[in-house]
Amino acid sequence: MSNLPFDPLLLAIAIPLAVAVAIACGLPKRWSIRLAYVGFAAPALMALHAWFYFAGQTQVHGYAYLTNYSTGLDGIHGLGISLKLGLNGISLPLFVLAGLVGLAAGLYAIQSTAERLKIYLMLLLVMQAGLMGVFASVDVVFFYLFHELALIPTFIMIGIWGGRDRSYAAMKVTIYLTAGAMLSLIGLIALYVKSGAPSFDLITLRQIIAARPLGETVQNNIFALLMFGFGILVSLWPLHTWAPLGYGQAPSSAAMLHAGVLKKFGLYGLIQIALPLLPHGAAHWSHTLAALAAVGNVLIVGFITLAQRDLKQVIGYSSVMHMGYAFLGIACYSVLGAGGVVLLMVAHGLSVALLFLLATSIFHRTHTFELTEMGGLAQKTPVLAAFFVAATFASIGLPGFANFWGELTIFVALWQYSHCLTVIAISGVVISAVYGLRAAAKVFFGPPTEAFARVAAQHPPSDLNWREKVPALILLAALLFIGFWPKSLSTSLDATLHAVYAAPTSAGPTAGGPAVSGK
Amino acid sequence: MLQPAILILLLPLLSAAVIALFLRRQGGIAAIVSTLTAASIAAMALILALHGGRGEDQVDWLTLGGFTLSLGVKFDDLAALMLVIVGIVGLCVHVFSLGYMHDDGAKARYFGGLSIFMFSMIGIVLADNLFMIFIFWELVGFSSYVLINHWHEKTSASDAAKKAFITNRVGDFGFLIGIIWCYWANGTVNLTQLGEHHVFSTAIPLLLFCGAVGKSAQLPLQVWLPDAMEGPTPVSALIHAATMVAAGIYMLCRIHVLMVPDALTVIMWTGAATALYAACCAIVQSDIKKVLAYSTLSQLGYMVAAFGLGSLATEENGIKVVIAAGVGAAMFHLTTHAFFKALLFLGSGSVIHGCHHEQNIFKMGGLRTKMPLTFWTFTLGVAAIIGLPGLAGFFSKDAILYLAFANNKAVFAVLAFTAVLTALYMTRVWRITFFGAARSESAAHAHEGGLTLTLPLIVLAVLAVIGGYVGIYPKVFTGVFELIPEAHGSDHTTILITSLVVLILGAGSALLFYKPSATDALEERSPGLFRLLASKLWFDEIYQWYIDKVQQRFALLLNFLEQIFLAGFIVRGGAGLVGLFGLGARALHVGKLNVYLYWFLAGVVVLWLFATGVL
């Protein structure tokens with residue numbers, strides 16, 4: 001049952017890519033759409049398979065499904081680049097996230113009335129292939145290449161299908177993200193060169209560095225490159241201003257995939273590569289990172305979110321705020337902290353994708369994103385209201401949804417690192433409740449505003465239809481499933497983190513229970 | 001042994017899921033599913049509590065880096081008692097809702113919400129560790145939000161729901177810090193293990209108390225509870241009177257081993273202040289539900305104060321024993337209060353239903369004859385809360401008064417005075433609502449509701465009468481009720497006299513002062529005092545000022561700085577500088593051959609200078 005006759009990881013990348021190529025070759029629209037279903041469903045099925053049978057797989061160096069495809073570059077010229085695919089406990093949750101959000105975004109795109117739907121779907125499929133590739137790659141070069149593959153369609157989609165300010169947004173997002181990607185690329189290359197490893201694959205890199213750790217200065221410098229490079233990609237304060245603008249302008253499916261999945265690339269890179277390989281660098285920079293995240297992302301951006309009057313801006317800024325928790329978890333440098341970040345990444349990816357999806361569905365009924373021009377929508381669309389309220393509560397960390405586990409474990413881990421920062425971080429829980437519930441109330445409750453009454457008179461709003469409901473249900477079901485059964489992710493995550501973070505955990509918590517810290 | 005407990009927990013979750021997935025449009029069936037679930041919970045809770053064993057068990061829920069969060073059940077007498085209360089009141093409220101919400105358009109959502117609430121509340125009751133309490137703690141907050149928001153087309157309801165959740169989150173902010181601190185300080189948050197060993201700390205119990213301040217609406221987070229009356233009345237009875245708001249006291253009793261004298265002092269005075277404050281507010285309310293809401297606040301303050309009064313050293317047969325009397329007294333009052341306050345709320349619901357959704361007591365009157373059953377059951381409820389000897393409230397209030405008398409005379413004075421006020425405002429609302437002539441069209445046409453409305457009233461009235469004897473002669477739940485402080489000898493006489501004087505003073509002055517008329521006697525005779533009490537000490541105004549003038553302005557300022565300074569000046573400015581440089585560079589490329597030639601020659605010269613070392 002668990003041993004497939006094919007490599008699910010390769011298929012998860014190849015099928016969407018093949019469909020994209022087929023569409024590009026001029027397939028008629030009807031067939032394009034039919035194939036697109038396959039292109040979006042295949043990665044999701046592979047991801048679900050990997051999720052449920054991961055434990056039963058034979059694992060080599062902590063990786064399941066480990067396979068190596070020669071690129072012709074391995075060994076020659078001493079570079080050592082090969083398409084090495086595999087999943088460990090850290091990448092599995094994100095692989096699942098990419099599959100599910102990709103399916104939801106794809107289904108939502110297919111039912112959308114986007115112009116030039118074929119090209120739109122093609123770009124989304126390329127992005128989807130790239131995303132699956134990012135989290136399935138064991139080789140650092142391919143990890144980076146797949147990210148670029150997914151990133152470029154984002155720019156194009158913002159530029160063509162974006163909102164009113166799309167050109168400026170596309171330009172700004174491109175410059176920021178390219179700069180971030182470039183910094184991190186320099187960091188990755190430096191890491192490879194300084195380690196003296198014969199290959200870019202992460203397993204070899206880990207072994208070499210474990211045997212011969214890098215010098216402190218080298219670690220500090222490389223970590224800085226990775227931290228700020230990845231930091232830009234994950235909207236670390238104050239390098240975050242591209243995010244709310246970009247998401248505000250991006251078409252819904254692109255925003256879902258980018259905010260939901262692609263943005264996690266940076267955090268994933270920090271947890272999978274930077275922290276374990278550069279522990280000294282991480283310790284050196286952790287104070288800067290934690291301070292920026294707590295004061296900048298959580299407090300300042302939290303307050304800025306309170307001032308937003310546009311629904312998409314609220315979601316965009318809240319997403320920047322929640323990334324602050326992720327950085328705080330990274331700064332802890334512990335299994336618990338890093339594990340919390342992975343849980344939060346998955347949860348946030350699902351919930352923010354759901355929120356962007358629902359925001360677009362709301363827009364189709366209100367013809368505006370301005371919160372002051374809505375109100376009372378719940379009377380006409382109770383199901384949409386229920387979904388949105390559920391998504392809001394998920395994103396503000398209500399237990400029962402996946403987000404709660406991420407936030408809770410990060411808070412618990414953070415207390416060991418700094419009491420003061422924990423208090424700041426937990427105050428964010430109150431702030432997010434304020435803006436989340438305020439937005440939900442403005443859209444759905446109370447009597448309709450005059451502006452909305454006029455719109456509703458012209459276009460009577462109908463409730464969520466099945467073509468919108470199915471992608472929303474996929475995301476909501478995943479949030480609830482992880483929320484009720486966190487072990488479905490945490491068991492393999494814990495095992496991998498223990499192995500990867502094994503060496504320098506003298507400061508971390510011990511298995512028998514925490515050391516008494518107290519004051 | 002623990003399977004039945006797990007079943008009780010999961011049954012309402014299943015009911016909520018079935019309603020959400022399949023019965024959205026079938027409100028009638030949803031109501032029956034939810035009510036049957038509540039009935040099974042009540043039955044199983046009674047069987048389990050009275051005949052089942054006690055014990056605890058847990059499974060791992062999440063394990064990450066040495067941190068384990070377990071899903072566990074701790075079923076001791078305290079949990080069993082609370083489970084029975086939740087089961088019985090829950091069933092009464094479900095049955096009452098069948099009638100009260102009969103014509104509501106969103107019945108399925110309402111009953112689904114009740115099921116989620118039952119699930120979350122039972123989770124708090126059964127939880128064996130603080131993280132699990134916190135999880136269900138948040139979930140009851142969510143179900144409370146959904147149910148307060150039931151009539152969401154009213155802005156007041158939607159605002160009240162939002163306010164309730166956010167205010168609770170403010171309390172939970174401290175609560176969560178306390179739990180995390182407790183975890184790292186003690187290495188565990190399991191209630192039993194904490195009982196065996198924990199470090200001495202004042203901050204931890206006080207932070208945990210913050211959770212109770214939010215959930216049980218103690219000063220200064222009391223503002224959400226009166227507003228929560230925007231929800232349907234049965235919800236007010238179940239969530240905002242009998243069970244959820246009492247969860248704060250239950251949680252304190254769960255962690256009483258962590259308490260230290262300084263923390264208890266803070267808790268005691270918070271409770272006493274809330275009791276007195278809310279009783280003062282209740283005197284001037286004209287909305288029947290608001291009177292009951294402030295009364296609930298006041299009674300919750302009583303319980304918190306009782307808990308804060310701490311343990312009591314007594315002598316039995318010459319042996320000195322120290323009992324956790326605070327726990328006993330608080331839980332005893334929680335029990336009796338759950339019955340009589342649910343009764344009063346459902347009675348008010350019956351009145352509101354009978355008067356076609358009129359809630360102003362000055363527009364009622366004469367209901368004694370039109371709604372006799374409601375009148376008599378409400379009368380029993382009033383008699384119980386003001387402490388008429390022999391009824392439930394009398395015993396539990398006396399236990400608290402005695403504990404205060406023994407431990408702290410100042411608190412005793414505050415609580416006794418609060419009891420006077422309680423008798424005063426309850427008699428006032430009783431007199432004005434039920435006596436005299438009908439003072440409005442809707443009151444004139446008032447009528448008694450059907451069996452679903454009256455049956456729960458009868459059941460709760462019986463419990464409000466006999467509920468006290470369970471505590472006085474403990475046969476069941478002995479683990480809790482044996483902790484109830486009992487006065488002996490001269491103390492006994494003092495307390496008895498005090499409570500009789502309190503009763504006569506409060507109820508008597510109300511009967512003399514308030515006549516069933518269309519206006520408030522206090523407002524006419526002493527408008528200054530009335531206005532002071534009606535101001536509720538401007539808590540709402542001060543918070544609103546903070547939100548509008550401080551928090552929102554600060555947010556706008558930061559937003560302005562972000563847009564202008566960061567995204568504008570730095571980012572756009574940076575882009576502009578690059579652009580300017582580009583413009584300059586472009587100016588050099590004018591497209592004329594001779595200009596390029598000059599640049600070339602200049603370049604050659606510079607190179608030559610470099611090469612020869614002149615530069």
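1. Helices (H or I, at least four residues) and strands (E, at least two) are taken here as DSSP runs, numbered from the N terminus. By that rule A:Ala98 lies in helix H3 of chain A, which covers residues 91-111. This is a predicted model, in which local features need pLDDT of at least 70 and side-chain atom pairs count only at pLDDT 80 or more, while totals for chains, interfaces and linings use all residues. Residues are numbered from 1 along each chain as its sequence is written, and chains are lettered from A and ligands numbered from 1 in the order in which they are written.

2. A residue is called buried if 20 or more other C-beta atoms lie within 10 Å of its own, exposed if 12 or fewer, and partly exposed in between, with C-beta atoms placed from the backbone. A:Ala98 counts as buried because 31 other C-beta atoms lie within 10 Å. Two residues are in contact if their C-beta atoms, placed from the backbone, lie within 7 Å; leaving aside residues up to four places away in sequence, A:Ala98 touches A:Ala47, A:Leu131, A:Met132, A:Phe135 and A:Val261. The C-alpha atoms of A:Ala98 and A:Leu257 are separated by 8.0 Å, although these residues are 159 residues apart along the chain.

3. Chain A also holds an open sheet of three strands in the order E1-E2-E3, with antiparallel pairing. E1 (59-60) and E3 (83-87) of chain A are the edge strands, and each has a single partner strand, so one side of each is left without a neighbour in the sheet. Two strands pair if DSSP finds at least two bridges between them.

4. The pairing can be followed strand by strand. E1(A) and E2(A) run antiparallel and are joined by two bridges, with A:Gln59 having A:Ala64 of E2(A) as its bridge partner. These strands form a hairpin with two residues between them, and A:His61 in the turn has a positive phi of about 55 degrees. Strand E2 of chain A (residues 63-69) pairs with E3(A) in the antiparallel sense over four bridges; A:Thr67 stands opposite A:Leu85 in E3(A), and A:Tyr69 has A:Leu83 of E3(A) as its bridge partner.

5. E3(A) is mostly covered, with five of its five residues buried. A:Leu83, A:Leu85 and A:Leu87 point one way from E3(A), whereas A:Lys84 and A:Gly86 point the other way, and all are buried.

6. A helix pair in chain A is also worth checking. The axes of helix H5 (residues 140-161) and helix H10 (residues 252-262) of chain A come within 10 Å and cross at roughly 145 degrees, where axes are lines fitted to C-alpha atoms, for helices over the stretch in contact, and angles run from 0 to 180 degrees between N-to-C directions. The contact is made by A:Ala150, A:Leu151, A:Thr154, A:Met157 and A:Ile158 of H5(A) together with A:Ala254, A:His258 and A:Leu262 of H10(A). These residues divide into six nonpolar, two polar and no charged, given that Ala, Val, Leu, Ile, Met, Phe, Trp, Tyr, Cys and Pro count as nonpolar, Asp, Glu, Lys and Arg as charged, and the others, Gly among them, as polar.

7. Chain B has 26 helices and four strands, and its C-alpha trace spans about 115 × 65 × 55 Å along its principal axes. Of the 615 residues of chain B, 57% count as buried. Among contacts in chain B between residues at least 6 apart in sequence, 80% join residues at least 24 apart.

8. At the interface, 41 residues of chain B are in contact with 53 residues of chain A. Strand E1 (55-64), helix H5 (130-148), helix H6 (155-186) and helix H25 (539-588) of chain B each supply at least two residues of the side that touches chain A. H6(B) gives the most to that side, with 15 residues. The residues of the side of chain B that touches chain A divide into 26 nonpolar, ten polar and five charged.
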